[in-house]
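Reader: I have a structure to go through today. Could we take it one topic at a time?

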Amino acid sequence: MGANKETLGFQAEVKQLLNLMIHSLYSNKEIFLRELISNASDACDRLRFEALNNTALYGDESGNNAELKIRLSFDKAARTLTIADNGIGLSRDEAVEHLGTIAKSGTREFFSALTGDQARDAHLIGQFGVGFYSSYIVADKVTVISRRAGLEASQAVKWESAGEGEFTVEMIEKAERGTEVTLHLREGEDEFLSGWKLRQTVRKYSDHITLPILMKKEEWNQEKGEQITTEEDETVNQASALWARPKSEISDEQYKAFYKHVAHDFEDPLAYVHAKVEGKQEFTQLLYIPSKAPFDMLDRGARHGIKLYVRRVFIMDDAEQLMPVYMRFVRGIVDSNNLPLNVSREILQESRDIETIRGGCVKKILGLLEGLADSEDAAEKEKYAIFWKEFGRVLKEGTGEDFANKERIAKLLRFASTHLDTAEEVVSLDNYVSRMKEGQEKIYYVTAETFTAAKNSPHLEIFRKKGIEVLLLSDRVDEWVTGNLTEFGGKPLQSVAKGGLDLGKLEDASEKEETTKAADEYKDLLEKIKATLGDKVKEVRVTHRLTDSPSCLVADEHDLGGNLARILKAAGQKAPESKPILEINPKHPAVQRLKYEESRFDDWANLLLEQATLAEGGTLDDPAGFVKRINDLMLALSAR
């Protein structure tokens, strides 16, 4: 054993992933080649990008190593298959980090979602990304030899593992930069020791890789009666940028294969758009919407994005300036004809040209989504339903982030409502408006922590009685939506739990009269309750929102709603101080009883406030006091 050879353990998640790869993906095992070629292609792209600012990384340009390429070779006697590239390479520390651990946010949640059902788990892997570990589907040992660009020949690393819990790393000599991944094939995997099978697999999965994928040419030897490998190289893929070809020459299968490469996804995309924009700014865009959300979708800081090319030369991964944060689900490429080759992230931030490209990408994606949502075709409509389930929460963020497209985004939003009374978000604002009652001027909504709390909110009682539809909002992001989307199609959005309830023409004269009369009749009681509750409430007034409940809490028109205040508090942010308004229902027996109550008045008044707080999903400052009050009142009632 070499003096510098170390044995290290895999991170627990890697062990789980290896086990999963080997068993769940076996039926589609040839994808390992697609993944390793994609990784090799990415390594070459990264070298090209880093070398823009440091040409020394290319080393000796005159040598055989000048042109970036990927090479496949196999050794029948040793039963090995090698995928080599002359890209950026790995240092020792990078080999340990990238090949021994998974540094993805959401990793733990991913593994807790696994079921042991192989077909279902294979489906989940697609959301996580397959990658290097797919090698173990066909190999029982993998050797990686790599030298990072810019390091000395003696600073190369050899990483090796049988995929069973540990790996070894040692420093070795390697004459040229780049990486060689050698698979020691399992028994029964001899098909991957055939030049014909490898060529066929490359053409099926990796034809669109823009770098040449080389293999030694094979010729038929009449004397030996077999294929003989020659010393001559041949390129086995088209090696031309798929997006630069005319659309008519690209099949649906090729588009899907390219998506899997660019997104490192296992599933087909849900939809895609390919367009060439000409004019002052010339660029090509090939943009995809995945069919499954990755595990870190809700993490706004997660780096996803579009690959940026300039005249078919790769410039950078995750060019987040090309897509707003609320469209972080989009994958694909943009190839510009106008940007300089040495463009950096800093330049992108200030570039006018980038604004044009970004605006063009946003319009294309909104157009693609509108096409699905408004389609007469049931299959297309179903695609939009899938999109909404996976990415709706992210798209909602756009209502506050993209002022220019707010109307278009608003039309794409889907909500739950009292029309169906189910948690499914299928109601568009256009649907809602088309069902509005005659004389209804506002779009009503209620926000709550959960769908059940929204559906059972006491604030809905008068609306249910009158058959007025209310949107039931229970996503945290919904507070952001309603804060930014104040009207739709000229109709204001109105919270049913804010301000004085004005039903306008939906209220008949007799109801108005009744409320005014009750306010006079209960004036003394309202003052007495306010005196008891003190500064816990801003005001106590008679309600006409309630038909069954004794009381409810309402936020003043310009104050924070209770749900938003709780969300801010949970996030550790200081919410502006505001007191709720307590509304009481004069027709409820508990309120009528309070009118004549003397000895237990304070308890009853506090109960009305506490019940209303719980009904809207709030928490009590003194839960023990609440329980004691309830018990005392129950005992008092049973003693009668």
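Predicted model: local features only at pLDDT ≥ 70, side-chain atom pairs only at ≥ 80, totals over all residues.

Reader: How many cavities of 30 Å³ or more does the structure hold?

Author: There is one cavity of 30 Å³ or more. The volume of the largest cavity is about 40 Å³.

Reader: Which residues line the largest cavity?

Author: The lining consists of Ser41, Asp45, His208, Ile209, Thr210, Trp243, Phe258, His261 and Tyr309. Sorted by class, four of the lining residues are nonpolar, four are polar and one is charged.

Reader: Which helices each supply at least two residues of that lining?

Author: Helices α2 and α7 (252–263) do, each with at least two residues.

Reader: Where does α2 lie?

Author: Helix α2, residues 31–51, lies across strands β12 (307–310) and β13. Its direction is at about 75 degrees to β13.

Reader: On to the sheet, then. What is the order of its strands?

Author: The order is β10-β11-β14-β12-β13, five strands in an open sheet with mixed pairing. Strands β10 (271–277) and β13 (313–316) each have a single partner strand, so they stand at the edges and one side of each lacks a neighbour in the sheet. From one strand to the next, the twist averages 20 degrees.

Reader: How many bridges join β10 to β11?

Author: Seven bridges join them, and β10 and β11 (residues 283–289) run antiparallel. Within this pair, valine 273 is placed opposite leucine 287 of β11.

Reader: A change of topic: what is the phi of arginine 79?

Author: Phi of arginine 79 is near 60 degrees, which is a positive value in a residue other than glycine. Arginine 79 is located in the loop between β2 (70–75) and β3 (80–85).

Reader: Is arginine 79 buried or exposed?

Author: Arginine 79 counts as buried, because its relative accessibility is 18% and the cut-off for buried is under 20%.

Reader: And where is aspartate 421?

Author: Aspartate 421 is in the loop between β15 (416–417) and α13 (429–434). Aspartate 421 is not a glycine, yet it has a positive phi of about 60 degrees. With a relative accessibility of 23%, aspartate 421 counts as partly exposed.

Notes. Residues numbered from 1 in each chain as written. Heavy atoms only, no water. Pairing = 2+ DSSP bridges. Helix = DSSP H or I, 4+ residues; strand = E, 2+ residues; numbered from the N terminus. Axes fitted to C-alpha atoms, helices over the stretch in contact; angles between N-to-C directions. Contact = heavy atoms within 4.5 Å. 1 Å grid on protein atoms, 1.4 Å probe; cavity = no way out; pocket = protein on both sides within 12 Å on 5 of 7 lines; lining within 4 Å. Points joined across faces, edges and corners; volume = space filled by probe spheres on them. Nonpolar A, V, L, I, M, F, W, Y, C, P; charged D, E, K, R; others polar. Buried < 20%, exposed > 50% of the residue type's maximum accessible area, 1.4 Å probe, protein only.
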